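Work through the exercises below with the structure open beside the text. Try each task before reading its solution.

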Amino acid sequence: CARRRNGLPSRRTMCKADETLQGKTVGLVLSGQSYDATVLAPEDAWITKVDHAAFKESVAKIGKALAEGQGEADMRHLNKIICWSRMSTLVGLLTMWYAINPVSIFLLSLGTMTRWTIVAHHVCHGGFDKCSGGRYSRFKFGVGSLVRRCTDWLDWMLVEAWNVEHNQLHHYCLGEMSDPDLVENNLMTLREDKGPMWAKYMRVAFFMMTWKWFYYAPNTFKMLSLHELRRNGQTATFPADAAKKYAGTPVPERWLDRPWTVAALVGKSANVYFRRATFFTRVLGPYFVVRFVLFPLIAGFFMGRSAFFNSLISLMLAEALTNAHSFLNIVTNHAGHDLYRFEKHCAPRSSTFYMRAIISSANFRTGGDLNDFLHGWLNYQIEHHMWPDLSMLSYQKAQPLVKALCAEHGIPYQQHSVFWRLKETVDIMVGNSAMRKFPTKFENQSDLVD
(Lines give C-alpha, C1' and ligand atoms only; values in the text may rest on other atoms or scores of the structure.)
Protein backbone atom coordinates (compact mmCIF):
# COMPACT_ATOMS: atom_id res chain seq x y z
CA CYS A 1 0.00 0.00 0.00
CA ALA A 2 1.55 3.29 -1.07
CA ARG A 3 2.05 6.01 1.56
CA ARG A 4 3.50 9.47 1.50
CA ARG A 5 6.58 10.24 3.51
CA ASN A 6 4.64 12.43 5.93
CA GLY A 7 2.53 9.49 7.08
CA LEU A 8 -0.69 10.53 5.34
CA PRO A 9 -2.27 7.93 3.08
CA SER A 10 -1.83 8.20 -0.64
CA ARG A 11 -4.76 8.46 -3.06
CA ARG A 12 -4.49 4.73 -3.65
CA THR A 13 -4.75 4.02 0.09
CA MET A 14 -7.85 6.17 0.59
CA CYS A 15 -9.88 5.05 -2.41
CA LYS A 16 -12.21 2.08 -2.43
CA ALA A 17 -11.18 -0.94 -4.42
CA ASP A 18 -13.79 -2.98 -6.24
CA GLU A 19 -14.10 -6.71 -5.88
CA THR A 20 -16.69 -9.18 -7.12
CA LEU A 21 -18.17 -11.37 -4.41
CA GLN A 22 -20.95 -13.88 -5.25
CA GLY A 23 -21.65 -12.03 -8.50
CA LYS A 24 -21.93 -8.60 -6.85
CA THR A 25 -19.47 -5.72 -7.02
CA VAL A 26 -18.67 -4.39 -3.54
CA GLY A 27 -16.43 -1.58 -2.34
CA LEU A 28 -13.46 -2.49 -0.21
CA VAL A 29 -11.89 0.09 2.07
CA LEU A 30 -8.26 -0.30 3.07
CA SER A 31 -7.46 0.31 6.74
CA GLY A 32 -5.49 3.31 7.93
CA GLN A 33 -7.74 6.35 7.67
CA SER A 34 -11.22 4.85 8.00
CA TYR A 35 -12.97 3.16 10.91
CA ASP A 36 -15.13 1.43 8.29
CA ALA A 37 -12.19 -0.35 6.66
CA THR A 38 -12.98 -3.81 5.35
CA VAL A 39 -9.46 -4.84 4.32
CA LEU A 40 -6.32 -4.59 6.45
CA ALA A 41 -3.30 -2.71 5.13
CA PRO A 42 0.08 -4.42 5.60
CA GLU A 43 0.75 -2.19 8.64
CA ASP A 44 -2.37 -3.61 10.30
CA ALA A 45 -1.98 -7.28 9.35
CA TRP A 46 -0.98 -8.10 12.95
CA ILE A 47 -4.51 -7.33 14.19
CA THR A 48 -6.08 -10.64 13.12
CA LYS A 49 -3.24 -12.66 14.64
CA VAL A 50 -3.73 -11.58 18.27
CA ASP A 51 -5.00 -14.29 20.61
CA HIS A 52 -7.03 -12.03 22.91
CA ALA A 53 -7.68 -14.63 25.60
CA ALA A 54 -4.02 -15.64 25.90
CA PHE A 55 -2.89 -12.01 25.76
CA LYS A 56 -5.25 -10.94 28.55
CA GLU A 57 -4.19 -13.90 30.70
CA SER A 58 -0.50 -12.97 30.31
CA VAL A 59 -1.19 -9.31 31.13
CA ALA A 60 -3.11 -10.33 34.25
CA LYS A 61 -0.24 -12.50 35.48
CA ILE A 62 2.34 -9.76 35.02
CA GLY A 63 0.12 -7.13 36.63
CA LYS A 64 -0.65 -9.33 39.63
CA ALA A 65 3.02 -10.09 40.22
CA LEU A 66 3.98 -6.43 40.00
CA ALA A 67 1.22 -5.30 42.38
CA GLU A 68 2.03 -7.99 44.94
CA GLY A 69 5.73 -7.12 44.75
CA GLN A 70 5.29 -3.51 45.87
CA GLY A 71 6.42 -2.61 49.37
CA GLU A 72 9.19 -0.89 51.30
CA ALA A 73 11.53 -0.71 48.32
CA ASP A 74 8.95 1.30 46.41
CA MET A 75 8.59 3.74 49.30
CA ARG A 76 12.35 4.18 49.60
CA HIS A 77 12.47 4.85 45.87
CA LEU A 78 9.62 7.36 46.08
CA ASN A 79 11.32 9.21 48.93
CA LYS A 80 14.53 9.41 46.92
CA ILE A 81 12.73 10.89 43.92
CA ILE A 82 10.86 13.35 46.17
CA CYS A 83 14.23 14.43 47.58
CA TRP A 84 15.62 15.01 44.07
CA SER A 85 12.57 17.02 43.09
CA ARG A 86 12.56 19.15 46.23
CA MET A 87 16.29 19.79 46.03
CA SER A 88 15.90 20.97 42.45
CA THR A 89 13.29 23.50 43.51
CA LEU A 90 15.11 24.55 46.68
CA VAL A 91 18.47 25.14 45.02
CA GLY A 92 16.71 27.05 42.24
CA LEU A 93 14.90 29.28 44.76
CA LEU A 94 18.04 29.93 46.80
CA THR A 95 20.14 30.96 43.78
CA MET A 96 17.66 32.77 41.53
CA TRP A 97 17.96 36.11 43.36
CA TYR A 98 21.70 36.61 42.79
CA ALA A 99 21.62 36.74 39.00
CA ILE A 100 19.45 35.53 36.15
CA ASN A 101 21.20 32.30 35.22
CA PRO A 102 20.39 29.08 33.34
CA VAL A 103 21.19 26.76 36.26
CA SER A 104 18.58 28.28 38.59
CA ILE A 105 16.02 28.47 35.78
CA PHE A 106 16.55 24.82 34.81
CA LEU A 107 16.35 23.59 38.41
CA LEU A 108 13.16 25.55 39.09
CA SER A 109 11.66 24.14 35.91
CA LEU A 110 12.77 20.59 36.71
CA GLY A 111 11.43 20.75 40.27
CA THR A 112 8.01 21.89 39.04
CA MET A 113 7.82 19.31 36.28
CA THR A 114 8.88 16.34 38.42
CA ARG A 115 6.59 17.24 41.32
CA TRP A 116 3.72 16.90 38.85
CA THR A 117 4.73 14.13 36.47
CA ILE A 118 6.46 11.84 38.95
CA VAL A 119 5.25 12.48 42.49
CA ALA A 120 1.68 13.79 42.02
CA HIS A 121 1.04 11.66 38.94
CA HIS A 122 1.75 8.33 40.56
CA VAL A 123 0.31 9.20 43.97
CA CYS A 124 -2.97 10.48 42.45
CA HIS A 125 -3.30 7.22 40.52
CA GLY A 126 -3.06 5.27 43.76
CA GLY A 127 0.39 3.86 43.12
CA PHE A 128 1.27 4.10 46.82
CA ASP A 129 -2.13 3.61 48.46
CA LYS A 130 -1.25 0.17 49.80
CA CYS A 131 2.44 0.54 50.60
CA SER A 132 2.62 4.03 52.18
CA GLY A 133 0.42 3.43 55.20
CA GLY A 134 -1.94 6.15 53.99
CA ARG A 135 0.71 8.86 53.84
CA TYR A 136 0.56 9.08 50.06
CA SER A 137 -3.10 8.33 49.40
CA ARG A 138 -4.91 9.35 46.23
CA PHE A 139 -7.91 10.31 48.38
CA LYS A 140 -5.93 12.89 50.36
CA PHE A 141 -3.08 14.11 48.17
CA GLY A 142 -3.61 17.75 47.20
CA VAL A 143 -7.39 17.63 47.56
CA GLY A 144 -9.98 18.94 50.00
CA SER A 145 -8.43 22.28 50.93
CA LEU A 146 -6.08 24.99 49.74
CA VAL A 147 -3.64 23.96 52.46
CA ARG A 148 -3.43 20.42 51.09
CA ARG A 149 -3.01 21.75 47.57
CA CYS A 150 -0.17 24.08 48.60
CA THR A 151 1.49 21.38 50.72
CA ASP A 152 1.23 18.43 48.34
CA TRP A 153 1.12 19.77 44.79
CA LEU A 154 0.60 23.40 43.86
CA ASP A 155 0.43 23.97 40.13
CA TRP A 156 -1.82 25.74 37.62
CA MET A 157 -4.31 22.85 37.58
CA LEU A 158 -6.77 22.14 40.38
CA VAL A 159 -5.91 18.65 41.65
CA GLU A 160 -9.55 17.48 41.79
CA ALA A 161 -10.03 18.63 38.19
CA TRP A 162 -6.90 16.87 37.00
CA ASN A 163 -7.97 13.65 38.71
CA VAL A 164 -11.20 13.62 36.70
CA GLU A 165 -9.72 14.71 33.37
CA HIS A 166 -6.62 12.53 33.48
CA ASN A 167 -7.23 9.57 35.78
CA GLN A 168 -10.77 8.88 34.56
CA LEU A 169 -11.41 10.30 31.10
CA HIS A 170 -7.97 10.10 29.52
CA HIS A 171 -7.02 6.69 30.87
CA TYR A 172 -10.32 4.95 30.28
CA CYS A 173 -11.18 6.60 26.95
CA LEU A 174 -7.69 6.53 25.47
CA GLY A 175 -7.62 7.40 21.78
CA GLU A 176 -11.40 7.92 21.57
CA MET A 177 -13.28 11.15 20.89
CA SER A 178 -14.06 11.22 24.63
CA ASP A 179 -10.34 11.34 25.41
CA PRO A 180 -9.74 14.99 26.38
CA ASP A 181 -6.05 14.62 25.52
CA LEU A 182 -6.51 13.42 21.93
CA VAL A 183 -4.09 15.80 20.21
CA GLU A 184 -5.41 15.20 16.70
CA ASN A 185 -8.91 16.23 17.77
CA ASN A 186 -7.86 19.12 20.01
CA LEU A 187 -5.75 20.72 17.30
CA MET A 188 -8.22 20.19 14.46
CA THR A 189 -8.56 23.95 13.91
CA LEU A 190 -4.80 24.27 13.44
CA ARG A 191 -4.62 21.13 11.30
CA GLU A 192 -7.22 22.53 8.91
CA ASP A 193 -5.84 26.06 8.87
CA LYS A 194 -4.93 27.15 5.34
CA GLY A 195 -2.28 29.63 6.49
CA PRO A 196 1.46 29.31 5.91
CA MET A 197 3.25 26.45 7.64
CA TRP A 198 5.65 28.78 9.47
CA ALA A 199 2.66 30.43 11.15
CA LYS A 200 1.42 27.02 12.28
CA TYR A 201 4.80 26.22 13.79
CA MET A 202 4.80 29.56 15.62
CA ARG A 203 1.45 28.70 17.17
CA VAL A 204 2.80 25.32 18.26
CA ALA A 205 5.81 27.04 19.88
CA PHE A 206 3.48 29.39 21.79
CA PHE A 207 1.37 26.44 22.89
CA MET A 208 4.43 24.53 24.13
CA MET A 209 5.51 27.37 26.42
CA THR A 210 2.06 28.24 27.78
CA TRP A 211 -0.09 25.10 27.56
CA LYS A 212 -0.43 24.38 31.29
CA TRP A 213 -2.19 27.63 32.19
CA PHE A 214 -3.57 28.50 28.75
CA TYR A 215 -5.14 25.12 27.95
CA TYR A 216 -4.72 22.44 30.59
CA ALA A 217 -5.96 24.35 33.65
CA PRO A 218 -9.25 25.53 32.05
CA ASN A 219 -9.83 22.24 30.21
CA THR A 220 -9.39 20.09 33.32
CA PHE A 221 -11.68 22.46 35.26
CA LYS A 222 -14.25 22.15 32.47
CA MET A 223 -14.13 18.36 32.76
CA LEU A 224 -14.61 18.57 36.54
CA SER A 225 -17.61 20.86 36.06
CA LEU A 226 -19.18 18.51 33.49
CA HIS A 227 -18.53 15.57 35.79
CA GLU A 228 -20.32 17.30 38.68
CA LEU A 229 -23.25 18.29 36.45
CA ARG A 230 -23.74 14.74 35.18
CA ARG A 231 -23.45 13.32 38.68
CA ASN A 232 -26.31 15.62 39.71
CA GLY A 233 -28.38 14.66 36.68
CA GLN A 234 -27.94 18.03 35.00
CA THR A 235 -26.71 19.18 31.60
CA ALA A 236 -24.48 22.11 30.67
CA THR A 237 -26.40 25.26 29.75
CA PHE A 238 -25.52 28.84 28.99
CA PRO A 239 -25.63 31.00 32.15
CA ALA A 240 -28.45 33.44 32.86
CA ASP A 241 -26.21 36.43 32.15
CA ALA A 242 -25.33 35.19 28.65
CA ALA A 243 -26.77 36.91 25.57
CA LYS A 244 -30.56 36.76 25.61
CA LYS A 245 -30.87 34.22 22.79
CA TYR A 246 -28.44 31.84 24.55
CA ALA A 247 -29.33 32.24 28.24
CA GLY A 248 -30.57 28.99 29.74
CA THR A 249 -30.27 26.99 26.52
CA PRO A 250 -28.22 23.77 26.36
CA VAL A 251 -24.58 24.00 25.32
CA PRO A 252 -24.13 22.63 21.76
CA GLU A 253 -23.07 19.00 21.63
CA ARG A 254 -19.94 19.88 19.64
CA TRP A 255 -18.75 22.04 22.55
CA LEU A 256 -18.54 19.09 24.93
CA ASP A 257 -15.51 17.60 23.13
CA ARG A 258 -14.05 20.99 22.25
CA PRO A 259 -10.79 21.91 24.04
CA TRP A 260 -11.38 24.73 26.53
CA THR A 261 -8.66 27.39 26.72
CA VAL A 262 -8.29 30.76 28.40
CA ALA A 263 -9.36 32.26 25.06
CA ALA A 264 -12.78 30.61 25.58
CA LEU A 265 -13.33 32.71 28.71
CA VAL A 266 -14.45 35.71 26.69
CA GLY A 267 -17.60 36.37 24.68
CA LYS A 268 -20.65 34.11 24.82
CA SER A 269 -18.60 31.19 26.22
CA ALA A 270 -17.15 33.22 29.12
CA ASN A 271 -19.11 31.60 31.95
CA VAL A 272 -20.12 28.31 30.38
CA TYR A 273 -19.26 25.31 32.62
CA PHE A 274 -17.89 27.59 35.38
CA ARG A 275 -17.75 31.23 36.38
CA ARG A 276 -14.74 33.02 35.00
CA ALA A 277 -14.03 34.70 38.36
CA THR A 278 -14.07 31.31 40.08
CA PHE A 279 -11.55 29.93 37.63
CA PHE A 280 -9.07 32.78 38.09
CA THR A 281 -9.36 32.83 41.90
CA ARG A 282 -9.71 29.15 42.71
CA VAL A 283 -7.69 27.49 39.94
CA LEU A 284 -4.99 29.86 38.63
CA GLY A 285 -4.83 32.26 41.56
CA PRO A 286 -3.01 30.27 44.27
CA TYR A 287 -0.13 29.19 42.03
CA PHE A 288 0.22 32.65 40.50
CA VAL A 289 0.31 34.41 43.88
CA VAL A 290 2.80 32.01 45.47
CA ARG A 291 5.05 31.68 42.43
CA PHE A 292 5.12 35.17 40.97
CA VAL A 293 4.24 37.39 43.93
CA LEU A 294 5.24 35.76 47.21
CA PHE A 295 8.59 34.23 46.17
CA PRO A 296 9.93 37.41 44.49
CA LEU A 297 8.74 39.55 47.42
CA ILE A 298 10.57 37.33 49.90
CA ALA A 299 13.76 37.57 47.85
CA GLY A 300 13.36 41.35 47.54
CA PHE A 301 12.65 41.78 51.26
CA PHE A 302 15.87 40.04 52.31
CA MET A 303 18.19 40.79 49.38
CA GLY A 304 16.97 44.07 47.89
CA ARG A 305 15.30 45.42 44.78
CA SER A 306 17.57 43.71 42.23
CA ALA A 307 16.94 40.37 43.92
CA PHE A 308 13.19 40.89 43.45
CA PHE A 309 13.51 41.47 39.71
CA ASN A 310 16.11 38.72 39.23
CA SER A 311 13.79 36.29 41.03
CA LEU A 312 10.69 37.36 39.13
CA ILE A 313 12.36 37.09 35.72
CA SER A 314 13.96 33.75 36.63
CA LEU A 315 10.61 32.35 37.73
CA MET A 316 8.93 33.55 34.54
CA LEU A 317 11.61 31.98 32.37
CA ALA A 318 11.44 28.78 34.43
CA GLU A 319 7.69 28.73 33.87
CA ALA A 320 8.12 28.86 30.11
CA LEU A 321 10.78 26.14 30.31
CA THR A 322 8.76 23.81 32.55
CA ASN A 323 5.81 24.18 30.17
CA ALA A 324 8.04 23.19 27.25
CA HIS A 325 9.72 20.36 29.22
CA SER A 326 6.39 18.90 30.37
CA PHE A 327 4.98 19.27 26.85
CA LEU A 328 7.96 17.30 25.53
CA ASN A 329 7.37 14.50 28.05
CA ILE A 330 3.55 14.45 28.20
CA VAL A 331 1.88 15.55 24.97
CA THR A 332 4.14 13.40 22.79
CA ASN A 333 3.07 10.12 24.45
CA HIS A 334 -0.07 9.61 22.39
CA ALA A 335 0.42 11.30 19.04
CA GLY A 336 2.01 10.09 15.82
CA HIS A 337 1.21 8.46 12.50
CA ASP A 338 2.23 5.10 13.99
CA LEU A 339 -0.30 5.22 16.85
CA TYR A 340 -3.99 4.33 16.73
CA ARG A 341 -7.25 6.04 17.61
CA PHE A 342 -10.62 4.33 18.03
CA GLU A 343 -14.29 4.76 17.19
CA LYS A 344 -15.88 2.66 19.95
CA HIS A 345 -15.44 2.49 23.72
CA CYS A 346 -14.11 -0.68 25.33
CA ALA A 347 -14.57 -2.28 28.74
CA PRO A 348 -11.88 -1.50 31.34
CA ARG A 349 -9.32 -4.23 31.94
CA SER A 350 -10.45 -6.16 28.88
CA SER A 351 -8.04 -7.53 26.31
CA THR A 352 -8.85 -4.58 24.05
CA PHE A 353 -8.24 -2.12 26.90
CA TYR A 354 -4.72 -3.48 27.42
CA MET A 355 -4.01 -3.64 23.70
CA ARG A 356 -5.10 -0.02 23.23
CA ALA A 357 -2.79 1.02 26.06
CA ILE A 358 0.04 -0.34 23.93
CA ILE A 359 -0.88 0.68 20.39
CA SER A 360 -2.07 4.19 21.29
CA SER A 361 0.98 5.01 23.44
CA ALA A 362 4.70 5.43 22.87
CA ASN A 363 7.61 4.95 25.24
CA PHE A 364 10.84 6.94 25.27
CA ARG A 365 14.29 5.69 26.24
CA THR A 366 13.93 3.80 29.51
CA GLY A 367 16.21 2.66 32.31
CA GLY A 368 18.15 4.36 35.10
CA ASP A 369 16.68 6.73 37.68
CA LEU A 370 18.41 9.84 36.32
CA ASN A 371 17.22 9.19 32.76
CA ASP A 372 13.71 8.44 34.00
CA PHE A 373 13.72 11.52 36.27
CA LEU A 374 14.56 13.82 33.36
CA HIS A 375 11.76 12.20 31.35
CA GLY A 376 9.34 12.82 34.22
CA TRP A 377 8.87 9.03 34.41
CA LEU A 378 6.59 9.38 31.38
CA ASN A 379 8.90 7.20 29.32
CA TYR A 380 6.95 4.16 30.59
CA GLN A 381 3.64 5.33 29.14
CA ILE A 382 2.68 1.95 27.70
CA GLU A 383 3.13 0.15 31.01
CA HIS A 384 1.48 3.00 32.91
CA HIS A 385 -1.66 2.84 30.78
CA MET A 386 -1.88 -0.92 31.23
CA TRP A 387 -1.65 -0.63 35.02
CA PRO A 388 -2.19 2.99 36.11
CA ASP A 389 -1.95 2.27 39.85
CA LEU A 390 1.63 1.04 40.13
CA SER A 391 4.77 2.72 41.45
CA MET A 392 7.62 4.15 39.39
CA LEU A 393 9.85 1.25 40.43
CA SER A 394 7.25 -1.24 39.20
CA TYR A 395 7.22 0.38 35.76
CA GLN A 396 10.96 -0.09 35.48
CA LYS A 397 10.43 -3.78 36.20
CA ALA A 398 7.44 -4.04 33.87
CA GLN A 399 8.94 -2.49 30.73
CA PRO A 400 11.10 -5.40 29.50
CA LEU A 401 8.31 -7.86 30.36
CA VAL A 402 5.72 -5.95 28.34
CA LYS A 403 8.06 -5.44 25.41
CA ALA A 404 8.71 -9.20 25.31
CA LEU A 405 4.97 -9.90 25.62
CA CYS A 406 4.26 -7.68 22.63
CA ALA A 407 6.89 -9.46 20.57
CA GLU A 408 5.32 -12.80 21.51
CA HIS A 409 1.83 -11.71 20.44
CA GLY A 410 2.89 -9.62 17.44
CA ILE A 411 1.55 -6.33 18.87
CA PRO A 412 3.44 -3.17 17.79
CA TYR A 413 5.46 -1.65 20.64
CA GLN A 414 6.58 1.92 19.86
CA GLN A 415 9.69 3.18 21.65
CA HIS A 416 11.75 6.08 20.35
CA SER A 417 13.72 9.11 21.45
CA VAL A 418 11.51 11.75 23.05
CA PHE A 419 12.68 14.16 20.34
CA TRP A 420 11.51 11.81 17.59
CA ARG A 421 8.14 11.63 19.31
CA LEU A 422 8.12 15.43 19.41
CA LYS A 423 8.48 15.49 15.62
CA GLU A 424 5.65 12.96 15.31
CA THR A 425 3.44 15.08 17.57
CA VAL A 426 4.12 18.37 15.80
CA ASP A 427 3.37 16.68 12.47
CA ILE A 428 -0.02 15.68 13.86
CA MET A 429 -0.65 19.17 15.26
CA VAL A 430 0.03 21.03 12.02
CA GLY A 431 -1.66 18.47 9.77
CA ASN A 432 1.39 16.90 8.14
CA SER A 433 0.33 13.43 9.24
CA ALA A 434 -2.60 11.60 10.79
CA MET A 435 -3.07 8.87 13.37
CA ARG A 436 -4.18 5.43 12.23
CA LYS A 437 -7.87 4.67 12.69
CA PHE A 438 -8.36 1.20 14.11
CA PRO A 439 -10.93 -0.55 11.87
CA THR A 440 -14.00 -1.23 14.01
CA LYS A 441 -14.84 -4.40 12.10
CA PHE A 442 -11.61 -5.98 13.36
CA GLU A 443 -12.09 -5.05 17.02
CA ASN A 444 -12.61 -7.86 19.54
CA GLN A 445 -16.36 -7.22 19.56
CA SER A 446 -17.05 -8.77 22.98
CA ASP A 447 -14.86 -6.05 24.58
CA LEU A 448 -16.79 -3.12 23.08
CA VAL A 449 -19.45 -1.25 25.05
CA ASP A 450 -21.91 1.52 24.13
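**Exercise 1. A residue in helix α4**

Does M113 count as buried or exposed, and at what relative accessibility? The structure is a predicted model.

Solution. 
- Step 1. Locate the residue: M113 is in helix α4.
- Step 2. Compare its value with the cut-off. Buried means under 20% relative accessible area. M113 has 0% relative accessibility, so M113 counts as buried.
- Step 3. List the neighbours. Leaving out residues up to four places away in sequence, M113 touches I118, T322, H325, S326, N329, F373, L374 and G376.
- Step 4. M113 and F327 are 214 residues apart along the chain, yet their C-alpha atoms are separated by 9.9 Å.

**Exercise 2. The nonpolar core**

Which residues touch the most other members of the largest nonpolar core?

Solution. 
- Step 1. The core holds 114 residues, and those touching the most other members are W46, W211, Y273, I359, M386, W387 and I411.
- Step 2. Helix α9, residues 197–231, gives the largest share of this core, with 11 residues.
- Step 3. Take W211 as one of the residues in step 1. Not counting residues up to four places away in sequence, W211 is in contact with W116, Y216, N323, S326, F327, I330 and V331.

**Exercise 3. Helix α11**

Solution. 
- Step 1. Helix α11 covers residues 276–303 and bends by about 60° at G285. A proline, P286, follows within four residues.
- Step 2. Check both residues for burial: G285 and P286 are among the buried residues of α11. Others include F279, Y287, R291 and F292.
- Step 3. Find the cover. Helices α4, α5, α9 and α12 are among the elements that cover the buried residues of α11.
- Step 4. Now turn to a residue on the outside. F301 is also found in helix α11. F301 counts as exposed because its relative accessibility is 68%, and the cut-off for exposed is over 50%.
- Step 5. F301 belongs to a nonpolar surface patch with L294, I298, F302 and M303. Together these residues have about 580 Å² of accessible area.

**Exercise 4. Positive phi angles**

Solution. 
- Step 1. Recall the background: most residues other than glycine have a negative phi.
- Step 2. Y273 is not a glycine, and its phi is positive, near 75°.
- Step 3. Y273 lies in the loop between α10 and α11. Y273 counts as buried because its relative accessibility is 11%.
- Step 4. W377 has a positive phi of about 55° although it is not a glycine. W377 lies in the loop between α14 and α15, and with a relative accessible area of 2% W377 is buried.

**Exercise 5. Salt bridges**

How many salt bridges does the count come to?

Solution. 
- Step 1. The count comes to 17 salt bridges.
- Step 2. R148 forms a salt bridge with D152, and the closest N and O atoms are 2.8 Å apart. Both residues lie in helix α5, 4 residues apart, which is about one turn of the helix.
- Step 3. R148 counts as partly exposed because its relative accessibility is 30%. D152 is buried because its relative accessible area is 10%.
- Step 4. Go on to a pair from separate parts of the chain. D155 and K212 meet in a salt bridge at 3.1 Å, N to O. D155 lies in the loop between α5 and α6 and K212 in helix α9, so the pair ties together parts that are 57 residues apart in sequence. D155 and K212 are both buried.
- Step 5. Treat E176 and R356 likewise: their side chains meet in a salt bridge at 3.1 Å, N to O. E176 lies in the loop between α6 and α7 and R356 in helix α13, so this pair ties together parts that are 180 residues apart in sequence. E176 and R356 are both buried.
- Step 6. Finish with a network: salt bridges link E43, D44 and R436.

Definitions and conventions
Residues are numbered from 1 along each chain as its sequence is written. This is a predicted model: local features need pLDDT of at least 70, side-chain atom pairs count only at pLDDT 80 or more; totals for chains, interfaces and linings use all residues. Side-chain values use heavy atoms; hydrogens and water are left out. A nonpolar core is a set of buried Ala, Val, Leu, Ile, Met, Phe, Trp, Tyr and Cys residues joined through side-chain atoms within 4.5 Å. Buried means under 20% relative accessible area, exposed over 50%, partly exposed in between (1.4 Å probe, protein chains only). Helices (H or I, at least four residues) and strands (E, at least two) are DSSP runs, numbered from the N terminus. Contact means heavy atoms within 4.5 Å. The bend at a residue is the angle between axes fitted to the seven residues ending there and the seven starting there. Patches are made of residues with over 30% relative accessible area and no salt bridge: like charges are joined within 9 Å, nonpolar side chains (Val, Leu, Ile, Met, Phe, Trp, Tyr) within 5 Å. Accessible areas come from the Shrake-Rupley method with a 1.4 Å probe; for residues, only the protein chains shown count as cover. A salt bridge is a side-chain nitrogen of Lys or Arg within 4 Å of a carboxyl oxygen of Asp or Glu.
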